[in-house]
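Please open the model in a viewer and keep the sequence at hand.

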Amino acid sequence: MSTADAAPLSARPLRLLTLLLLVGCGGGDAPAPAGGGAGGSPAPAPATDPSEPWFEESAEAAGLDFLHVSGADPERLFLPEIVCGGAALLDYDGDGDLDLYCVQGGRIPTPLAEVSTDRLYRNRGDGTFEDVTTEAGAGVRGYGMGCAANDFDGDGDIDIFVSNVGPNVLLRNRGDGTFEQVPDAAGAAGDQLTASASFFDADADGDLDLFVTEYVGWSIAGEIACSTPRMGHDYCQPNNYQSPTADHLYRNDAGRFVDVTEESGIGRARGNGLGVVTGDFDGDGRLDLFVANDGTHNHHWLQTSPWVFEERGLTAGTAVNMQGRVEAGMGVAAIDIDGDDDLDLFLSHLLQESNTLYLDQGGYYDDATDRYGLGGSSMPYTGFGLGFHDFDLDGDLDLFVANGRVMAPVENVPADPYEEPNLLYEFEAGRFRVVTPRGGTSPEIVETSRGAAFGDVDNDGDVDIVVVNRDGRLSYLRNRREALSDHHWVTFDVREGSGAFAQQAQVRLEAGGRRQTRVVDPHSSYASSNDPRAHFGLGAVDAIDGVEVRWADGTVERFAAPPVDRIVRLIRGEGESR
């Protein structure tokens, strides 16, 4: 981790004292002032001039007919209905194409036999998909929240963990195009309201452990009634339930998950957990965790010794925003936004709070939201799924945020009171600028969007987006930028010697006098799972100078520079050790 930009040690206690005073004066529960972003009240980031849409809505043409159902009944609303919906892009059959798994909601408390199943779509490789849910054995029933896809049993095939209201489900990939449901989710079934999940190798022993966020200690019997002036009956905020929960950490012991929540320290902090990301946030070689909490302090878990985690959100500066306010965290990403080789954090939030960017400054974080143009532009929206990717292949990371309210507006109520347009940002001259039309499509898509999954679905070199829309049809946003420019690209499929994806490997590419870095980790956004391959846009540069992989255990290999405009597999042990 770079410490070149770290503040002097004498400055840190003053900053921390200021932060604690703000929280202690009641700012933690106060709403952010309307019209102001984190750390001030800037003008919204200017939008780019209207241009050719970056994406084309292609779900119907591709045969993706998934229709999400929350089961909402205006006479009796249940909290899970307003935050559900996730998807996974995964190559379940190993043919090199990304397939799609969609998590279904249902109706609370309808018997499971009457609930629609989750859906699995196989990518035919010709731009279309076929529904293979039944023949693949992927038809999970339950009230689904989200999912995570990875190889939990180390056999080279991608498995699927589904987070539910009540018992979670684990689908083991048999390797023959079918799945089997593992009893008790191999020990990780639980019985709470689980939102997001992340597979990660916490102890560097070669197998994947599991972390899940628990939203609220919720039950049908404990549901309460809330209302708004215009809509009447409406969804409650999570703090109305006064039931924050502890998230759960599971250790993988030979394919069986053992709950180590308490002994690891994770059980010592409670919150309303929604999004989660993993990464080595303090540069000590051990993987850490960050949880976006909805209306409670975010949790910044550092692994201080094997299987021992300490919550450092307040001292790190990531528990609240610069104003000392607790925000409603939903989606989250860990990304090196300023190119200094450490992981920054970005969270999506409730309207009138702004989304928040935390820059790692060598052990503590600065709220840099407004500095990067991300404050005012997000104030009118409620963000969920999100992703930083080089959508236009120019060598800079852009940003997409899927939006949708959780509380009905008090005026100008549309047919769907929770629908909002999504936001697409282009990185330009050190700031993010809103792309118009909003969300990058024409016409604009206005839905109640939740989970978003990112990946090169058609293998043409640019990153596409799948969005689950609450009580709406799936959005498949096919990227058109590669066809609209002469920009080059390269994608790396990074594998361990066993053939498994090289989780948490850092891929560093040098081209045209610039260096770019990507981390192999499909788990970010909100309740969703992404393409694990490392995608790089190169702009007009048509040759790569070098490629280096820093594996999760710290060893480094340099690989021969491949030609551009292709997908390249990098296998551990086949490079030159450094």
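A charge sits over a ring if NZ of Lys or CZ of Arg is within 6 Å of the ring centre and within 35 degrees of the ring normal. Select Arg-495 and Phe-501: Arg-495 lies over the face of Phe-501, 4.0 Å from the ring centre. This is a predicted model, in which local features need pLDDT of at least 70, side-chain atom pairs count only at pLDDT 80 or more, and totals for chains, interfaces and linings use all residues. Residues are numbered from 1 along each chain as its sequence is written, and side-chain values use heavy atoms, with hydrogens and water left out.

Next, select Arg-450 and Phe-384; the charged end of Arg-450 sits over the ring of Phe-384, 4.0 Å from its centre.

Now display the open sheet of four strands, ordered 24-25-27-28 with antiparallel pairing. Strands are DSSP runs (E, at least two residues), numbered from the N terminus, and two of them pair if DSSP finds at least two bridges between them. Strand 24 (383-389) and strand 28 (431-434) stand at the edges with a single partner strand each, so one side of each is left without a neighbour in the sheet. Strand 27 (residues 423-428) is joined to strand 28 by four bridges; Glu-428 has Arg-431 in strand 28 as its bridge partner.

Finally, select Phe-346, Tyr-372, Phe-388, Tyr-425, Phe-427 and Phe-432, which ring pairs link into a cluster. Rings of Phe, Tyr and Trp (its six-membered ring) pair if their centres lie within 6.5 Å; planes under 30 degrees apart count as stacked, over 60 as edge-to-face and the rest as tilted. Phe-346 and Phe-388 have ring centres 5.2 Å apart and planes at 90 degrees, so the pair is edge-to-face.
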